[in-house]
Amino acid sequence: MSLLSQAVVSGVLAGGLYAMMSLGMSLSWGVLKVINLAQFSFILLSAYFTYQLTVSLGIDPFLSILVCVPLFGLAGMALQWVFNRIRISEFESLLFTFGLFIILESLAATVWTADFRRLSTEQNPYVSESIWIGSIALPVPQLAAFVAAILVAFGVRHLLRNTHFGRAVRALAQDRDVAVAFGVDNGKVSMQLAGLAAGFSALAGVFIAMSRAIFPGLAVEWFGIVFSVVILGGLGSTLGTLIAAVIIGVVGAVATVWGGPPMAPLAVFLVLIATLLFRPEGILGAARRDT
Amino acid sequence: MADLYFDDVTKRFGGVQALAGVSGQVEQGEIVGLVGPNGSGKSTLINLLSGYLEAEGGKITFGGEDITDRPAHRIIEMGIARTYQIPRPFGTMTALENVSLPLMFGTARHDPGRARSEAQQWLEFTGLERHADTPVAGLNLHQLKYLELARALATRPRLLFLDEVLSGLNPTEITQSIEMVRRIHADGITIVIVEHLVRVVTELATRIVVLDRGRVIAEGEPTTVMRDPEVVVAYLGTRGRHA
Amino acid sequence: MRLRPAAAATVVLAVALWFVPEFADGFPIFYLLFAYNVFFWIAQASSWNLFTGSSGYFSFGQGAYYGVGVYTVGVLVAKRGWPLLPTFVVAGILGALLGLFIGLIVFRLRKLRGEIFALMTLAVAFVMGAVARVSSTIDGGQGIPLSGVELPQALGDFPAMIFRLGLIVATLAVLAAQVLHHSRLGWGLFAIRDDEAVAENLGVPTFRFKMMALGISAFLASLSGAVHSLQISYVTIEDVFNIRVPLLVILMSILGGTRHWMGPVVGALVVYTLNDRLNAAGLQDVSDLIVGGLLIFMIVAVKEGLYLRARQRPLRAAIGFAVGIGPPIVLGLTDSAITVMAYGLLGAVLLLMLPVTAPVEEAVPVHG
């Protein structure tokens, strides 16, 4: 029984990380109409950068956030600038970012080889630290990721509802042409949003480097999870993404306890299929979306 | 009798009630004009009656059969066709290929070769035979509208919805188009024409239905209806002048 | 049904190629195996394009069908001793069922069908890998040795046999693509690609047609995978359910052009040849980079694909090819005919990629 409780708690914490990984994709797709597979590359490369910075400079891995988030934020903005210039369609963006994803994964494999890279406990003392509630362990990296995800999710929600930028974003999401006609600067707003999305991915990458070993093929494992979270959560809904991510996290963790690690992607996929069959607009329904 | 009846039809889009219970009928052989200011629900009504969208409430029957929930490709088989406000040709095909397409489906179900030869005659009907092998990207608005028409006619409809088929055309083109509509009607096709150009609709239509904000506010003989005070307010209240 | 010239030519070519192994005594076996691989990729790319190129619904899931094909042979033949030919058919059917399953879920959605289909197929290959790993009847993480499989003797020794099996499947795939291209099903799909709602309104039975095309495409892809398993000595999940097959298949079709059935054929030949030569030169890491880069370049700059571009500018293709093979032959840089051909293809490709001033360029049909 305690195994199950531990699994549920681990699943909830994992959900935080999933939310952070998926938020960028959800906003990007929902608002910018860009399906950006390069987000996965940002997560992966951010994880590698974190690893490398920690190993080479001996700094606390948390500090990598200060480097990775702005760096990839800029990368995200640059990519969106390119999309705006070539007037990419929703579909072409899928192919384009797929090509980009392949290139970046290949670069990662060239620089860091296919070997598993893991921060040792010396470099990353957090990996072996946990906060205990009774007999349930809350590993520090996952807990930090979860807390960060909650903060980010609610921060974004506030941003979308209460700021000028947020209103512009929502206007663009509803009807781009009308928004532009009313003076919304699509170029600027889309770039800022893309930068934000990439920043979230980078943040997720830092926490991943602190939680587990990384290798170039890891990014591909995330497709199913993120996609399930985005659909279950509803495109463009921050709260939905958070809730969906936690559900998926718990489902995956419980499935692992029940049938071993390979069961997790299976269980998540079943959740996805169920969502598409019965609730394609997402867990909160169309009415509760932020955008 | 190929009559169309719609009863208390409703449709919402998110927070907007596009149609709030619209009823009416179109009898075989009529030319019914559907008018109303922007946002009154004209296009939505066409979308529902042609099967492009599903109605949320109400009932639609055609030729005695209930077609409310019927999928679009079945409705075409019953003889209901439409054109689009902004032409929607198949972008990677030529004019001839566009018109051939419906001949491969619907009631005709020809194989591609026979569809092509029959499509020729529809291009001729609309005067586009010289552009048969032109990709649609090379056609202007007037030609695209005629292509829409040819494509809709190829399905041999009994009832044809024309959605703003005249908008964006110059006076010469408008006169030609009106002639075209008359010829189509003379061939025995019932027509419902949605138009902003009230002058044209009063000329063409045997009966006018006026929509405003999702409801029918007037109906009847063209000149009488257009003088109805409620109709005048509906129009002048939101529009400066007619095109 | 009249036999169209293209189909007739394909059949004649296939029959002619059938007899190639008889004359192959003087050549290294390597050439037969190289040709087999080209056939394999022609089958994969053609089957992929048959659905995606026609309908505009982007599938990233080719790897799943391929994997089903390989593992069906692995489980039924290697583990249970089934005969090969029936197993091939079963593999095809299982692949088709997988495709239809995905279609059943996605095609009924109201919105975002195209995008969700794409992402779903992206996820499905890895889920299949997980299924294989979980179930010890299938793989259980152990892998399956295939070297002991009994091969049919009637088709000749191993290289001849695999050459001929590959030829059959590739011919089937290309013929299917040709027949589709000129049929009502094909035209219906093209209409769906351009504007699904309007197509539906004009009478195209969109759901049925998409399911049919998807089923055929998946069947062929699985069949091709089943045949391919014969030259894998040990099947593992990582080797089968990865991103390589979908990626290459997409590149091949995009490079060759999705709007014509010759596109994937040309694309398969070009990509496989170049990829093979890069690997032979020890440059595998670079090859992935090039693949990604090419994909991006083609989407942005050469939307119609190289086959249609070559038909527009045949002289460029010829000159490029000649310039490519010139130096290697004249300077005697290499013994391998394949390397020479690779240089020729590279030359043609590069020249064709240069900008053209075209009167009316039709947009590439990749939208949902």
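Leu4(B) sits across from Val26(B), a residue in strand 2 of chain B. Strands here are DSSP runs of E with at least two residues, while helices are runs of H or I with at least four, and both are numbered from the N terminus. This is a predicted model in which local features need pLDDT of at least 70 and side-chain atom pairs count only at pLDDT 80 or more, while totals for chains, interfaces and linings use all residues. Residues are numbered from 1 along each chain as its sequence is written, and chains are lettered from A and ligands numbered from 1 in the order in which they are written.

**Strands of chain B**

- Strand 1 (residues 4-13) and strand 2 (residues 16-26) of chain B run antiparallel and are joined by eight bridges; two strands pair if DSSP finds at least two bridges between them.
- These two strands of chain B form a hairpin with two residues between them, and Gly14(B) in the turn has a positive phi of about 60°.
- Strand 1 of chain B also runs antiparallel to strand 4 (residues 57-62) of chain B, with five bridges joining them.
- Within strand 4 of chain B, Thr61(B) is the bridge partner of Tyr5(B).

**How the chains meet**

- Of the two pairs of chains that touch, chains A and C have the most contacts; residues are in contact if their C-beta atoms, placed from the backbone, lie within 7 Å.
- Here, 32 residues of chain C are in contact with 32 residues of chain A.
- On the side of chain C that touches chain A, helix 5 of chain C gives the most, with 13 residues.
- Chains A and B do not touch, and their nearest C-alpha atoms are 8 Å apart.
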